[in-house]
Amino acid sequence: MTDLYRRESKSVSNMAQLRFFPQAVVGGKGSYLRGDDGRQLLDFSASWGAASLGHAHPSVREAITRAFSDQAGASYLSSANEPSVLLAEKLLSLVPPRSRGRVWLGHSGSDANETVARMVVAATGRRRILAFKGAYHGGTSGSMAVSGHPALKGVEKFGGLILVPYPNSYAAGDPTAASAAALSHLEEVFSADVRPEEVAAFFIEPIQGDGGLLVPPVGFFAEIERFCRQHGILLVCDEVKFGLARTGLLHAFEHSGIEPDIVVFGKGLGGGLPISAVVGPEPIMNHSPTFSYQTLHGNPICASAALAVLETIEKDGLVRNSADIGSYMLASLSKRSRDWDLVGDVRGKGLAIGIELVGDRVSRAPAKIQTALTVYRAFQLGLVMYYVGSNSNVLELTPPLILSTSEADEGVSIIGQALQDVAAGKVSPDLISSFAGW
Ligand SMILES: *Cc1c(COP(=O)(O)O)cnc(C)c1O
């Protein structure tokens with residue numbers, strides 16, 4: 001254990017910690033972080049996708065330096081500032097017509113989803129919200145209250161919340177069956193005493209992230225969209241983790257060919273700075289002033305960083321890079337995984353890839369401990385990645401969108417080595433005893 005990590009444990013609260021190994025970083029550039037022991041670590045998480053352009057990207061650095069050297073205040077609460085307006089205009093140009101109305105800016109996916117949850121109820125007068133089991137929409141009371149992730153068990157839910165199953169093609173053994181089961185469950189909910197007309201909004205992750213990197217069956221969300229339209233339910237796409245080029249398209253919802261009413265952005269939007277955005281129809285977004293605000297919302301430095309991220313995605317063709325490097329990596333992992341006994345499934349879109357680890361490929365029983373050991377071993381070998389999943393058994397890869405082919409190769413080879421070392425019993429379970437993960 002390095003000294004920085006030890007000092008942290010003596011000074012910093014553990015309430016915000018979700019740790020998998022004793023990582024302490026002192027710097028980073030591009031796809032690499034530098035540990036306080038001097039090691040270069042290839043970053044296949046990018047801080048859960050937040051460092052979307054990698055570390056210390058020159059265009060973000062220039063944008064925030066410029067914004068801070070002639071600082072237009074710190075907030076859009078009580079004055080307009082240009083970076084916020086430019087960012088709002090840019091975001092409006094990127095979403096489909098249905099949601100092209102007004103933009104709200106926040107700090108995080110959590111405050112954005114919390115705002116949406118309050119807003120849809122207030123604006124429609126409907127008192128129920130639909131969301132998926134396994135869904136992670138945030139870590140504040142209001143966003144946890146509409147989340148279905150098991151890590152948030154015991155947290156008080158929104159009174160009108162209805163959680164329905166997200167289709168899991170791998171668990172069901174077949175996407176068509178997974179889709180049919182999830183849709184029939186949804187139907188059942190409304191065959192009892194609940195009416196769809198009581199539902200204000202349906203929160204969806206177009207690809208479910210923390211629930212296990214679940215890619216929905218083809219056509220599933222088109223059915224959900226049809227259901228929402230039929231009953232006047234607002235379709236809210238949580239693009240916080242997988243939006244903005246991550247999946248090889250600009251928006252993750254484009255894979256399903258759907259048009260959301262409301263789009264939520266976060267994580268990678270700021271390229272490493274804290275900023276989130278909600279984009280939706282004018283009557284809903286403007287339903288009431290002073291409804292959801294924090295002092296530093298619309299911060300011009302963060303808005304400038306976000307603008308630089310969006311411009312760089314366009315200018316440097318990062319949607320294309322995500323699609324190309326992502327499908328290259330997915331193919332490479334799928335091919336090599338035949339030799340990795342722990343791997344049950346490899347799936348994803350673009351640079352959002354999940355590797356599900358199982359006890360054996362017949363029972364598909366989650367290999368939870370081996371998953372924690374694999375991320376620990378990969379860290380020892382020089383790769384940062386974490387795991388997700390309602391059963392804590394899915395390695396999640398969300399590397400910087402600038403990832404190169406050789407970096408992809410390097411990461412895949414470390415993952416292979418880590419999986420083989422764990423399968424061979426070379427990694428002691430004692431190593432992870434102080435890392436609870438999630
Ligand atoms: C991470 C995440 C959030 C919450 O974002 P924070 O920045 O942690 O507040 C919301 N939705 C999804 C899909 C996420 O992955």
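Okay, let's start with Leu-397, which touches Phe-44, Met-329, Leu-333, Leu-351, Ala-352, Ile-353, Ile-355, Met-385 and Ile-415, leaving out residues up to four places away in sequence. Contact here means heavy atoms within 4.5 Å. Just so you know, this is a predicted model: local features need pLDDT of at least 70, side-chain atom pairs count only at pLDDT 80 or more, and totals for chains, interfaces and linings use all residues. Residues are numbered from 1 along each chain as its sequence is written, and side-chain values use heavy atoms, with hydrogens and water left out.

So is Leu-397 buried or exposed? Leu-397 is buried, at a relative accessible area of 0%; buried means under 20% with a 1.4 Å probe, protein chains only. You'll find Leu-397 in strand β15, residues 394-397 (strands are DSSP runs of E, at least two residues, and helices are runs of H or I, at least four, both numbered from the N terminus).

Now the helices. α2 (residues 58-69) and α10 (residues 300-315) pack at about 150°, axes 8 Å apart. Axes are lines fitted to C-alpha atoms over the stretch in contact, and angles run from 0 to 180 degrees between N-to-C directions. The two helices are therefore roughly antiparallel, a label for angles over 145 degrees.

Last, the rings. There are 16 aromatic pairs in the structure, with ring centres within 6.5 Å (six-membered ring for Trp). Phe-132 and Phe-202 have centres 5.1 Å apart and planes at 35°, so that pair is tilted, meaning neither under 30 degrees (stacked) nor over 60 (edge-to-face). Both Phe-132 and Phe-202 are buried.

How values were computed:
Angles under 35 degrees count as roughly parallel, over 145 as roughly antiparallel, 65 to 115 as roughly perpendicular and the rest as oblique. Buried means under 20% relative accessible area, exposed over 50%, partly exposed in between (1.4 Å probe, protein chains only).
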